[in-house]
Each structure stands twice: as structure tokens, then as C-alpha cells.
Amino acid sequence: IEDSNSRFVFATSPHEPLVLPITDQLQDRDLMAIGFEAEGWTSYESFISKASVDSPWVKTVDQDECVVIYSSGTTGVPKGIVHTQQTRIDMTQGMGVEFRIHSGSTVVISTPLFSNATWATLLPSMAAGGLTVVLETFDPEAFLRVVEEEKASHIFLVPTQYQAVLDHPAFASADVSSLEGMISMGSTMPLPLKHRILDEMGPGLMELYGLTEGLGTILKPEDVVAKTG
């Protein structure tokens, strides 16, 4: 919060135990509570009720800052990586093409919005006018049920989530035949897990690397069998 020089802090109810102890350190910022009430925090409903009905018509240019995504800090302290408006446009268009997302696609979002990888699937789905299903939390059984009920075409999971889905008893009877794109990034995927996904979920696996900074490499479905490792 300090590193990014944030002026507003929005917190949802699951994170109430994390933010309330540091409320005193955030007195020079506007604090918005979503799903809980606490001293020093303004409810989200109250916040938006004071907004003007007129459009602000904010003019942005390509190099204006859009969002700061923080790295994991694997090799040091987490670093804020600035993405411009143009970066976001490029990601939307580029990932939309690479993931083959269109107006008939159904994308299931089950990862946090602080991750750039999540936005790599969320933005193309919204831009194409596809159906975007955002899960409040990740649970393997609930995830499989949504994939089946919504006939999901695209999913993004980190490797540990794929492992949890494949190992869950509900997977044996779940219908995942609608999946066209199964995207993975965030950490290294073990080879045995890759083979299980290809054997048990289908051929649409895509692996991405270097997403926080923008995009490094994509291992596409056409190559994942020939170059699985």
C-alpha cells in the first residue's frame, strides 16, 4: 500500500482480519469496506451513493498508467510493475487471439484479481462479449460443477489447482468435454501433471511464462504434446 502510494483501500469481508489491525496505519487514506462494518471504514454502498450520475469522461492516452501489479518477490522483495493503458489493450487483443476467445466463449475465473494472469483471461472475455463466470472462491467440486453447467470453453488454473481438480472424487463423473482452452501459469507444472491433464481433460492445454511483466512465452496446444517438457 505504501510502495504504490495508494489513496484508496477497498477490502472485502474475507480479508477483514488482515486489514483491521493496520487501520491506524492507513488514516491518510480512504478506506472502503465491502461486506463488513468497522470503525474508520466507509461502506461501499455509502461510497457509491455519493457519486455523481454524470459521466466523468476521463480522457486517457496510451502511456497513462492503468494498474500496478506486484511480482511474487521470488528473488527479492515484491516489485510493482506498471501496466499502461496500451499494455492492457495489447494484452486484451493478444491473449484473445492466442486463447481463441470469442463471443461464444465461456470463461471461468477462479483465481484472484490481484494476479495479472487472471486479467489475461478476464479482459479478452469481456472485450469479445463472451460469458465470464467469476467464482467467489476456488473449490474443486464447485469448480467442476460450474464447468459442466456452464459448458465452459476456457479456464485458467495454477498447477496446484489442476492437481486438486484431477485428484477430487467428483472429477470421475464430471463432464469437462466442453473445454477448449486450459490455461496454466504462475509456477512450474510437473511433467506427470501435464500428461494427466492431456490424458484426462483434453488436448487444449496452454502454458504461459512471465505474465506479471507482460508476457514471456506461450506453449500452445499444437506444441504441448511435441514439447511437453
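This is a predicted model: local features need pLDDT of at least 70, side-chain atom pairs count only at pLDDT 80 or more; totals for chains, interfaces and linings use all residues.
Axes here are lines fitted to C-alpha atoms, for helices over the stretch in contact, and the angles between them run from 0 to 180 degrees between N-to-C directions. On that basis, helix 3 (residues 85-99) and helix 4 pack at an angle of about 80°, with their axes 8 Å apart.

**Helix 3 against helix 4**

- Because angles of 65 to 115 degrees count as roughly perpendicular, helix 3 is described as roughly perpendicular to helix 4.
- On the side of helix 3, the residues that make the contact are R88, M91, T92, M95, G96 and F99, while helix 4 contributes N116, W119, A120, T121, L123, P124 and A127.
- By class, the residues in this contact of helix 3 with helix 4 divide into 8 nonpolar, 4 polar and 1 charged.

**Helix 6 against helix 7**

- The axes of helix 6 (residues 159-167) and helix 7 (residues 191-200) come within 11 Å of each other and cross at roughly 50°, and these two helices are therefore oblique to each other.
- The crossing in which helix 6 passes helix 7 is left-handed.
- Helix 6 takes part through P159, Y162, Q163, L166 and D167, which meet L193, R196, I197 and E200 of helix 7.
- The residues of this contact of helix 6 with helix 7 comprise 5 nonpolar, 1 polar and 3 charged.

- An open sheet is built from 6 strands in the order 7-6-8-9-10-11, and its pairing is mixed.
- Strand 7 (131-134) and strand 11 (217-219) stand at the edges of this sheet, and each has a single partner strand, so one side of each is left without a neighbour in the sheet.
- From one strand to the next, the twist of this sheet averages 20°.
- Strand 6 (residues 106-109) pairs with strand 7 in the parallel sense over 4 bridges, and within this part of the sheet V107 stands opposite T132 in strand 7.
- Helix 4 (residues 116-128) lies across strand 6, strand 7, strand 8 (154-157) and strand 9 (181-184), and the helix runs at about 150° to strand 6.

**S110, in the loop between strand 6 and helix 4**

- S110 is placed in the loop that lies between strand 6 and helix 4.
- The relative accessibility of S110 is 7%, and S110 therefore counts as buried, since the cut-off for that class is under 20% relative accessible area.
- When its neighbours within four places in sequence are left aside, S110 is in contact with L135, F138, F143, F156, L157 and Q161.

- Strand 2 (residues 30-34) and strand 3 run parallel and are joined by 2 bridges, with T42 in strand 3 as the bridge partner of M32.

**L31, in strand 2**

- L31 lies in strand 2, and its relative accessibility of 4% is why L31 counts as buried.
- Although L31 and S43 are 12 residues apart in sequence, their C-alpha atoms are 8.6 Å apart in space.
- Apart from neighbours within four places in sequence, the residues in contact with L31 are V9, T23, L26, G40, W41 and T42.

**Two residues with positive phi**

- Most residues other than glycine have a negative phi, which is the background for the two cases that follow.
- R100 has a phi near 60°, a positive value in a residue other than glycine, and the place of R100 is in the loop between helix 3 and strand 6.
- With a relative accessibility of 38%, R100 counts as partly exposed.
- K151 has a phi near 50°, again a positive value in a residue other than glycine, and K151 lies in the loop between helix 5 (140-150) and strand 8.
- The relative accessibility of K151 is 60%, so K151 counts as exposed.

Terms used:
Residues are numbered from 1 along each chain as its sequence is written. Side-chain values use heavy atoms; hydrogens and water are left out. Angles under 35 degrees count as roughly parallel, over 145 as roughly antiparallel, 65 to 115 as roughly perpendicular and the rest as oblique. A crossing is left-handed if the near helix is turned anticlockwise from the far one by less than a right angle, and right-handed if clockwise. Contact means heavy atoms within 4.5 Å. Ala, Val, Leu, Ile, Met, Phe, Trp, Tyr, Cys and Pro count as nonpolar, Asp, Glu, Lys and Arg as charged, and the others, Gly among them, as polar. Two strands pair if DSSP finds at least two bridges between them. Buried means under 20% relative accessible area, exposed over 50%, partly exposed in between (1.4 Å probe, protein chains only).
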